[in-house]
Amino acid sequence: MASVQLQQVQKSYDGQHKVIHGIDLEIQHGEFVVFVGPSGCGKSTLLRMIAGLEPITAGDVLIDGQRVNDEPPRNRDIAMVFQDYALYPHKSLYDNMAFGLRLRKTPEAEIHQRVMDAAKLLRIDHMLERKPAALSGGQRQRVAIGRAIVRQPKVFLFDEPLSNLDAQLRNEMRSEIKKLHQRLGATIIYVTHDQVEAMTLADRIVVLSGGHKMQYATPDEIYNRPAARFVAGFTGSPPMNLIDCTVQNGQADVGGVQFALPEVLGQKAAHSPAQVFGIRPENIALAPRHVPAEVTVTGRVVISEPLGAETLVTFQVGQAELVARCPASFKVAPGSTHALYMDPAAMHLFDPATGQAL
């Protein structure tokens, strides 16, 4: 296990096109940290700079307190698992996993012990004589992970390792990787564009956009206390409802419909009437009969999307649309109207100019 620190790390091409803008991070021993963001946000570039596969334009990368900017990948004591498995097709699974250790002149007895231990951990010990062509995508990914485990590195780096798998297999492998981290207690840095993957795997998440760090926090903080409009809109499925609004005297006007804001939010918005209102679909509910009318808004059903365990309903509220997560038993016809209650504790406001949360 090892700690990893990034100190004002920057990356630019041709001295002009900057893709990473001064990233500061501190990853603790044994922590599982996920880099997440849309395509082109710089997450894989950042991972490759930690690995030594991409030169750093400015700043420092430290592994266990040692600056490694100028160290080649083989001297950084890291192991990387790639998206495309990168297995040798002519070698058996055993030889694929043993290959790196043989290059390092590791004694054959130790190689055998490490390979067998890793294979049992990943439940592939019964197929070590097979070639990669005889395996499913999930089994190949297990071999690629096993090849990293036998190295016994300080840090594991995963670059979108599940993106080539189908949805069911991706879910299974996600669980296996989480169990693996719990067993090994290893420091893992994991890159994905899938925010569900990030939320379920990580101890902490780095949300990236355009080469900037938008937020670095636990999954709970990312989801419930997003630091920026981008984070709020990127996380969650469906994502947070985000609507332009005006605020005056503690009242929000969303699409021509007014409702009271929590006192703290109202005070924070006092300096500027224009804001972006945010609330997650699960924090909008059909108002119980005993709830006073002044704390509800009226919504007209636009569409409903049954998902089995729940139903997503899009309501027209004034001139705006809000998505609500409703019980599966909620059967409605388009055009019907309902009183909706929005949880004040789950309301957010974001500055329309900077995108930062108030």
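Histidine 348 is in contact (heavy atoms within 4.5 Å) with Asn224, Arg225, Pro226, Met240, Leu265, Val276, Phe277 and Gly278, leaving aside residues up to four places away in sequence. The model is predicted, with local features requiring pLDDT of at least 70 and side-chain atom pairs pLDDT 80 or more, whereas totals for chains, interfaces and linings use all residues. Residues are numbered from 1 along each chain as its sequence is written, and side-chain values use heavy atoms, without hydrogens and water.

Histidine 348 belongs to strand β20, residues 348-350 (strands are DSSP runs of E, at least two residues, and helices runs of H or I, at least four, numbered from the N terminus). Histidine 348 counts as buried because its relative accessibility is 14%, the limit being under 20% relative accessible area with a 1.4 Å probe and protein chains only. A polar atom of its side chain lies 3.4 Å from the backbone oxygen of alanine 346.

Helices α2 (residues 93-103) and α4 (residues 137-149) have axes that come within 8 Å and cross at roughly 30 degrees; axes are lines fitted to C-alpha atoms over the stretch in contact, with angles from 0 to 180 degrees between N-to-C directions. Leu93, Asn96 and Met97 of α2 and Val143, Gly146 and Arg147 of α4 make the contact.

Met97 is also among the residues that touch the most other members of the largest nonpolar core, which has 48 residues; such a core is a set of buried Ala, Val, Leu, Ile, Met, Phe, Trp, Tyr and Cys residues joined through side-chain atoms within 4.5 Å. Another core, of 30 residues, lies apart from it and includes Leu6, Leu47, Ala51 and Ile78.

Technical notes. Buried < 20%, exposed > 50% of the residue type's maximum accessible area, 1.4 Å probe, protein only. Polar contact = N/O pair within 3.5 Å; in protein donor to acceptor, adjacent residues only side chain to side chain.
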